[in-house]
Amino acid sequence: MENFTYYSPTLYEFGRGAEEKTGMLTFLTGATKVMIVYGQKYAKTSGLVDRVANSLRTIGIDFVELGGVKPNPEAALVYEGIKRGRAAHIDGLLAIGGGSVIDTAKAIAAGIGYKGDFWDFYTGKTPIEEALPVGVVLTVPGAGSEGSGNSVISHTDEEGVVAKISLRTDSILKPRFAVMNPEMTFTLSGYQTAVGIVDMMSHIMERYFSNTTRVEVSDRLAEGLLMSLIAEGPKALADPTDYQARANVEWAGTLAHNGIVGCGRREDWTSHAMEHEISALYPNVAHGAGLAVVFPAWMAFMAHHKPSKVAQLGRRIFDVDVKDDRSAAIETVASLRAFYSVALRMPLTFKELGIENPDIDTMVTRLHINKGETIGGYYRLTAADTRQIYELMKGE
């Protein structure tokens, strides 16, 4: 285990009726006028935005609204939010929604006080030194953004090239609070629930696949969370109003990405980077669906190049009983693919994602422009390697 600093400033208000405390929690951040950021439908049509607004009014907090956040959130709305937020002199952000909404609010929070282009933070040109406080009312679990300091935004340049980049901070962009009522997830479709579960599992595995030795505590935390999702996820799909299943899935999603599983170990994050290039090029692809295709392909590659941790995962969570690491790793990949396909009804190939002729050349080129000549923490991958992994996603 390596040295680490773990800081989690987020207060979690979890359970039935938790959203009623949003006004007081916002007050405790010190904000006096916030921008409420939300998506395209549920938050507004369900009356949730109005209930949260009333909670703010009761405590004397003013607000403005910014709706219309789409999946795979885009820079255009961030620029609009920064402009409107400055004009309204806001001093806080309140995101009502899932990862896309939260990531948009974080980007606005970082950009409002910065004199340059907020995109400088995402390209690494400028480090973030300050941001407005962000609060969250979570309606779509999966991304884990309610407990992380990360934000993913897509940006289209003047030539029409889309870059989808993940910005990671230790604490500056971590929400000050997250309101989490599992009942607000009852209306999610089976597909939305499933892609969220895949995203959660991917956040765990990106940390699990590490070269750091003697990390038994975080290994076991990761394995326990994965086993919980494998057990509770299908229950949430079978009965969308199963409160306990929804609660277990939602809390697992937070723990998957609030940093606790990564303490004392080096992480990988190759599969996320590879998926970002898919959904940047094909924006109709949901992030979790893309990960359902990418992660098993990445693990299949590792089965032949560095199988030990893949084999360990299979033995501990899928009851793989094979002594040879390579064979055990191959069986682990088959088990994961079966869970994604049968239990979650997720795609496993480009074709199942709706991509008949994937532009692998562009994905590989953009991946290594954005992430470097070689990428990966568990195993360093060249462009030839990532091309091979993308080819595996064809399923041919």
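Modeller: What follows covers one leucine and then the chain around it. The model is predicted. The residue is Leu173, which sits in the loop that runs between β7 (162-168) and β8 (177-180). Its relative accessibility is 1%, and because buried means under 20%, Leu173 counts as buried. Leaving aside residues up to four places away in sequence, Leu173 touches Lys106, Ala110, Ile128, Ala131, Ser148, Gly149 and Leu167.

Now the whole chain. The protein chain contains 15 helices and 8 strands. Of its 396 residues, 56% are buried, and Leu173 is one of the buried residues. Taking contacts between residues at least 6 apart in sequence, 77% join residues at least 24 apart. For overall dimensions, the C-alpha atoms fill a box of roughly 65 × 50 × 45 Å along the principal axes. The radius of gyration is 20 Å, which agrees with a compact globule, because 396 residues in such a globule would give a value near 21 Å.

That leaves the surface and the charges. The protein chain exposes about 16600 Å², and 50% of this area is supplied by carbon and sulfur atoms. There are 39 positive and 47 negative charges, and their mean positions lie 2 Å apart.

Definitions and conventions. Residues numbered from 1 in each chain as written. Predicted model: local features only at pLDDT ≥ 70, side-chain atom pairs only at ≥ 80, totals over all residues. Heavy atoms only, no water. Helix = DSSP H or I, 4+ residues; strand = E, 2+ residues; numbered from the N terminus. Rg over C-alpha atoms; globule rule 2.2 N^0.38 Å. Buried < 20%, exposed > 50% of the residue type's maximum accessible area, 1.4 Å probe, protein only. Contact = heavy atoms within 4.5 Å. Areas by Shrake-Rupley, 256 points an atom, 1.4 Å probe, with all protein chains shown as cover. Lys, Arg positive; Asp, Glu negative; His and termini not counted. Charge placed at Lys NZ, Arg CZ, Asp CG, Glu CD.
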